[in-house]
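Colleague: I've got a new model open on my screen and I'd like to talk it through with you. Could you walk me through it, one question at a time?

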Amino acid sequence: MTGRHFKNKERLLVGMADHLIAGFAVKPADDRPWQARLRDLVQGLIRTLRAHPCAKSILEQVGQTEVPNFLAIWDEALGLTRSAGFTDEESVLIARYLLHSAVSIADAPIHFDACHSPEEVDEIVRVKRLGLEALPADRYPNLVAMAGPLVRVPPELYDTFGVDLVLAGIEALAARRSAAGGAGQGGEGGTGQRDREQHGVRPLETGHELVERDG
């Protein structure tokens with residue numbers, strides 16, 4: 001891939017982003033619950049991006065809806081969240097947050113490890129941990145007590161816990177809507193809107209801002 005195939009830098013970055021996503025194919029629809037299919041989507045995207053340390057940097061510089069291979073991922077995420085009972089506006093926001101989270105999870109800690117030898121990683125972790133442990137314990141008791149995991153979390157825990165955390169929030173919100181009897185079908189006058197009003201959140205604005213360039 002060379003610059004002469006693209007008219008400008010932006011198109012080059014879009015082409016690079018499309019190449020990074022090309023290795024991930026959305027699975028055909030099946031009879032599994034939306035929760036399982038959404039988990040597969042997120043985990044598959046993380047595995048694909050994890051193979052490319054530059055992925056997050058490139059994706060942050062382009063509008064992800066401009067990347068052809070990313071469109072299928074966006075569409076699947078939107079369809080699954082919509083089938084969970086969320087409004088169209090909520091589905092857009094959930095899909096955006098979810099995919100941003102997947103990109104961020106894939107980005108760490110791969111950069112840190114890939115740029116250093118195991119010995120260098122150990123030394124960097126040790127120095128950072130000692131720096132946190134040297135903080136005044138009376139002022140920062142939790143930072144000092146958790147200095148170890150703050151500077152180094154096992155990669156497998158980082159991935160699994162990160163995915164669980166994000167999806168659990170979506171599943172809990174969907175369950176709350178379902179229990180309330182609205183299941184997100186009431187539009188701006190239904191359960192979704194009442195939930196936002198109870199928490200002092202203004203109604204969503206729709207339009208081009210929902211597909212503006214990410215980052």
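Colleague: Let's start with a pair of helices: is the crossing of helix 2 and helix 4 left-handed or right-handed?
Modeller: Keep in mind that we're looking at a predicted model. Here the axes of helix 2 and helix 4 come within 10 Å and cross at roughly 155°. As for the hand of the crossing of helix 2 and helix 4, it is left-handed.

Colleague: And how are helix 2 and helix 4 oriented to each other, roughly parallel or roughly antiparallel?
Modeller: Take the crossing angle of helix 2 and helix 4, roughly 155°. Angles over 145 degrees count as roughly antiparallel. Helix 2 and helix 4 are therefore roughly antiparallel.

Colleague: Which residues of helix 4 meet helix 2?
Modeller: On the helix 2 side, look for Trp34, Arg37, Leu38, Leu41 and Leu45. Their partners in helix 4 are Phe70, Ile73, Glu76, Ala77, Leu80 and Ser83.

Colleague: Helix 4 also packs with helix 5; what orientation do those two have?
Modeller: Helix 4 and helix 5, residues 88-107, have axes 9 Å apart and pack at an angle of about 130°. The crossing is right-handed. An angle over 145 degrees would count as roughly antiparallel, and 65 to 115 as roughly perpendicular, with the rest between those being oblique. Helix 4 and helix 5 are therefore oblique.

Colleague: Which residues of helix 5 take part in that meeting with helix 4?
Modeller: From helix 4 come Phe70, Ile73, Trp74, Ala77, Leu78, Thr81 and Arg82. Across from them, helix 5 brings Asp88, Ser91, Val92, Ile94, Ala95, Arg96 and Leu99.

Colleague: Back to helix 2: how is it oriented to helix 10, roughly parallel or roughly antiparallel?
Modeller: The axes of helix 2 and helix 10 come within 11 Å, and they cross at roughly 150°. That makes the pair roughly antiparallel.

Colleague: What hand does the crossing of helix 2 and helix 10 have, and which residues of helix 10 are in the meeting?
Modeller: Helix 2 passes helix 10 in a right-handed crossing.

Colleague: Which residues of helix 10 are buried?
Modeller: Helix 10 covers residues 155-180, so to speak 26 residues, and reaches 38 Å from its first C-alpha to its last, close to the 38 Å expected at 1.5 Å a residue. The buried residues of helix 10 are Asp159, Gly162, Val163, Leu167, Ile170, Ala174 and Arg177.

Colleague: How far apart are the end C-alpha atoms of helix 1?
Modeller: Helix 1 has 13 residues, 9-21. At 1.5 Å a residue, helix 1 should span 18 Å. The distance in the model agrees with that: 19 Å.

Colleague: What covers the buried residues of helix 1?
Modeller: Helix 1 has Leu13, Val14, Gly15, Ala17, Asp18, Leu20 and Ile21 as buried residues. Their cover includes helix 2 (34-50), helix 3 (55-59) and helix 4 (68-83).

Colleague: Is glutamine 64 buried or exposed?
Modeller: Glutamine 64 sits in the loop between helix 3 and helix 4. Its C-alpha atom is 8.3 Å from that of valine 14, 50 residues away along the chain. Buried means under 20% relative accessible area. At 4% relative accessibility, glutamine 64 counts as buried.

Colleague: What about glutamine 35, buried or partly exposed?
Modeller: Glutamine 35 is in helix 2. Glutamine 35 and threonine 81 are 46 residues apart in sequence, with C-alpha atoms 8.9 Å apart in space. With a relative accessible area of 29%, glutamine 35 is partly exposed.

Colleague: And valine 125, buried or exposed?
Modeller: Valine 125 belongs to helix 7, residues 118-133. Between valine 125 and leucine 150 there are 9.6 Å, C-alpha to C-alpha, at 25 residues apart in sequence. Its relative accessible area is 13%, so valine 125 is buried.

Colleague: To finish, how much of the protein counts as buried?
Modeller: The protein has 11 helices and zero strands. Its accessible surface comes to about 12600 Å². Of the 215 residues, the part that counts as buried is 34%.

Definitions and conventions
Residues are numbered from 1 along each chain as its sequence is written. This is a predicted model: local features need pLDDT of at least 70, side-chain atom pairs count only at pLDDT 80 or more; totals for chains, interfaces and linings use all residues. Side-chain values use heavy atoms; hydrogens and water are left out. Helices (H or I, at least four residues) and strands (E, at least two) are DSSP runs, numbered from the N terminus. The expected span of a helix is 1.5 Å times one less than its number of residues. Buried means under 20% relative accessible area, exposed over 50%, partly exposed in between (1.4 Å probe, protein chains only). Contact means heavy atoms within 4.5 Å. Accessible areas come from the Shrake-Rupley method with a 1.4 Å probe; for residues, only the protein chains shown count as cover. Axes are lines fitted to C-alpha atoms, for helices over the stretch in contact, and angles run from 0 to 180 degrees between N-to-C directions. Angles under 35 degrees count as roughly parallel, over 145 as roughly antiparallel, 65 to 115 as roughly perpendicular and the rest as oblique. A crossing is left-handed if the near helix is turned anticlockwise from the far one by less than a right angle, and right-handed if clockwise.
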